[in-house]
Amino acid sequence: MTYFHLMALEQALYIASLIILGYFAALQVVLLILTLLSFLDMRRRLRQNYYTDFECLARSHFTMPVSVIIPAHNEAPVLVQCVNSVLSLDYPEFEVIVVNDGSTDDTLELLKGAFRLVERRVVYRTSIPTGETRAIYKSLTRPNLTVVDKAHTGKSDALNIGINLSRYHLFCSIDADSIFQSNALLRIVRPILEKPEEVVAVGGQVRVANGCVIEDGRVITPRIPRKLIAAFQVIEYLRAFVASRLGLSRVNNLLILSGVFALFKKDIVIEVGGYKPYTVTEDMELVVRLHRHLRRKREPYRVVFLPDPICWTEVPVSIGNLSRQRNRWHRGLIQCLTRNMGMLLNPRYGSVGMMGTPYYFLFEMLGPLVEFVGYLLIPLAYFLGILSVTYLITFLLLAVAAGTLLSTLAVLLEEASFGLYRDWGDFARLMSLAMFENFGYRQLTLLFRVKATLDFLLRKKDWGKTRRENAEYVPNH
Amino acid sequence: MAIPLNILYWVFIGLVFLVILSALAAGLNRAFTGSRRKREEASKTRCRELLIMLGRESAEARERVLIEIEETLGPATAEYIAVSLSRLEVRQRAELTGLFQRKGLVRYFVRQLKSQRKWRRARAAKVLGELNLPVASAALYRALDDPDPDIRSVAARGLSKLRHPRAQAALIEILGRHEELISSRIAAMFIDVGAASVPLLVKNMRNTNWRARFWTAEILGQVADRRAEGVLVSALNDSSADVRAAAAKALGKIGTKSAGLQVIPLLRDTEWFVRSHAAWTLGQLKMVEAVGELVRSLYDRAWWVRKSSLEALANVGDAAIPALVATLQAEDRFARESAAEALQRLGVEVPSAGPEGSRG
């Protein structure tokens with residue numbers, strides 16, 4: 001290699017490092033702004049809740065009824081508990097529709113036994129085209145429970161069947177392995193009751209159930225899980241839900257509502273064609289399509305994230321399951337964004353086109369690649385003899401400090417709002433996790449997302465279902 | 001590298017400083033919130049004890065309790081004591097309301113209701129809503145016009161607790177004027193009041209605002225008082241389709257056959273939701289006279305009308321069986337399958353309608 005080539009390579013490395021630095025600086029600033037917005041919004045929402053008459057809403061004849069849809073594929077160990085938990089929610093009128101998506105375990109048999117199901121003829125409207133149903137069951141003991149049995153055609157199809165069968169104007173999609181607070185439905189419906197013309201979808205907060213003390217399908221004492229992988233996810237979820245999504249929701253640029261717990265207006269979902277099977281994250285894809293559709297129609301609308309309807313979910317505790325889950329999430333994100341590239345920086349889609357989509361594209365989709373390239377440049381620069389160890393250490397320290405700052409701010413926001421983890425030991429763990437996740441865990445999830453990008457490029461179609469693990473629930477005896 | 005190292009060091013130090021600051025803030029918040037919660041809990045417990053003693057002790061002891069409550073009562077404790085008032089007997093409530101006035105708290109909260117700060121106004125509206133006092137009610141009437149919907153909502157809730165004829169008159173005036181949430185709160189109050197509110201509601205069915213008439217019809221349906229039948233039957237011809245639908249639904253809850261006969265023509269209304277509500281009502285009233293029209297509605301172009309007619313026919317019972325059996329031979333697949341579903345619900349064995357029998 002000639003001196004000229006070396007100079008050119010050094011220059012290229014220098015420019016690349018500057019771009020990466022600029023990128024991370026911009027990312028940190030954007031995340032800090034979102035966190036600040038979340039602080040403001042959280043304060044307003046908690047006060048608003050304090051003065052809301054939930055007791056009246058709970059017994060009012062005028063609280064809009066809701067259809068709760070639970071798609072289930074091989075959920076035998078948890079489904080009966082989940083259905084019982086949902087059926088006992090504090091809400092004036094709602095129905096529960098369980099869609100058994102061709103389970104190969106005894107999911108359906110357990111449901112039949114627990115709720116005395118009998119097969120019924122039911123005429124329903126195929127507003128959204130779906131696969132065939134095998135049978136529809138009604139419960140003899142719970143008049144508001146319907147169970148649909150169908151061949152395994154995927155979660156999107158199961159949800160669409162639930163929508164077709166639902167009686168009410170609002171539907172709430174939930175995951176079978178989730179646990180709800182008794183008032184979760186009342187709280188999630190509030191924005192629609194306030195602004196029925198405007199709000200089209202509402203998402204609730206998802207928290208980590210592993211390690212919590214659970215009794216009768218309710219979380220009694222929230223705790224930080226003992227297993228490190230699950231514990232790191234507590235911090236991740238706090239950052240994602242409490243800090244980031246609340247901020248994005250405030251500026252109506254939220255493109256993701258977790259399918260674990262989200263409420264939609266049925267007519268608008270039918271208008272956009274329901275859930276689509278071509279993506280592995282049907283929840284995000286639906287929300288992006290709603291934005292796209294309503295912006296095109298130039299109708300005022302809002303997609304809202306609320307921090308107070310809390311739902312608890314089991315998170316992966318093994319590296320394999322975590323890898324599959326993150327791979328699916330990131331592939332789904334790329335699928336949604338690449339399918340909707342027309343929205344990117346398109347003024348026709350207003351702030352979603354000019355702010356929301358670029359944010360997800362630049363920071364959520366490309367972020368892992370930029371970070372990965374950053375890590376690759378280190379050995380390259382070392383071999384070329386142009387690596388300054390002092391600079392390297394300084395940048396690494398800066399990255400750790402910035403990451404820790406965002407996490408501690410998320411913990412602060414949680415403390416100032418809900419303060420669910422009452423134990424001081426849990427608080428100390430949260431704080432230490434906020435720092436230590438930067439050493440190993442962050443890099444691990446980065447690898448999962450980089451692999452997801454490769455899988456997307458290689459057109460991998462696998463849904464990436466995580467295998468059920470023994471939940472780290474603590475029975476309250 | 002062009003970025004001077006000392007700048008990077010300062011950025012790092014700044015970030016570390018912010019990390020420490022936010023961690024400290026979280027810790028301090030936890031410590032102070034914990035102790036504040038304990039203080040508040042202790043204060044509430046003491047207030048609760050005093051309020052219990054007020055109901056049980058002798059006259060002399062009650063005097064002492066009242067003195068202690070007077071000492072405790074301030075802007076901070078007012079909210080809890082005010083919220084507890086509704087659980088007390090009339091005399092004790094009057095004594096405590098008197099205490100609020102003597103300590104100047106009523107004036108204080110009326111002033112707060114004009115504060116620039118939203119949540120102060122909300123708190124004031126909440127406290128005043130618990131005190132059944134003319135001056136508090138007057139302030140709450142004004143708060144119904146507050147620019148902020150949250151305050152209007154708290155004020156409406158406060159007024160709805162008063163159960164006072166004047167408060168009811170004020171609330172019925174704003175029915176349908178503001179957000180749905182406020183109207184539904186007011187509606188819940190009238191439903192709780194029940195039959196006593198019927199004359200006022202009947203009068204309000206002449207309101208020029210269709211939203212007010214709609215909400216009134218909804219309330220009348222829940223109150224289900226026969227005195228409302230006449231005005232609801234008249235509302236079946238209302239110019240607003242929403243009112244017609246609400247009136248039809250309300251008549252289904254009041255439940256007289258004579259009213260049901262008036263509902264049958266609504267199965268041919270121009271709006272699908274009116275037809276759907278009419279079908280529902282006819283099912284609720286088990287109107288045998290409507291079976292023919294309901295079977296015809298199984299072929300309606302609107303899906304919800306067809307579904308409501310199916311439900312209605314199943315509700316009508318045995319009298320609908322011949323018409324349903326005849327519909328099993330219909331060419332329209334939905335009508336055929338609906339008839340099969342309704343017959344199955346009525347306990348009549350029906351042969352399978354084919355491999356896709358559940359489709360509409």
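Predicted model: local features only at pLDDT ≥ 70, side-chain atom pairs only at ≥ 80, totals over all residues.
Residues are numbered from 1 along each chain as its sequence is written, with chains lettered from A and ligands numbered from 1 in the order in which they are written.

Next I looked up the secondary structure of chain B and found 20 helices and 0 strands; these are DSSP runs numbered from the N terminus (helices H or I, at least four residues; strands E, at least two).

Then I turned to helix α7 (residues 134–143) of chain B, whose buried residues are Ala136(B), Ala139(B), Leu140(B) and Ala143(B). Buried means 20 or more other C-beta atoms within 10 Å of a residue's own, exposed 12 or fewer, and partly exposed in between, with C-beta atoms placed from the backbone. Why are they on the same side of α7(B)? Because they cover an arc of only 100 degrees around the axis, taken from the directions from the helix axis to the C-beta atoms. They pack against α5 (105–112), α6 and α8 of chain B. Pro134(B) and Arg142(B) are exposed on the face turned away from that buried side.

Last, I checked the contact between the chains: 43 residues come from chain B and 38 residues from chain A. On the chain B side, α1(B) gives the most, with 15 residues.

How values were computed:
Contact = placed C-beta atoms within 7 Å.
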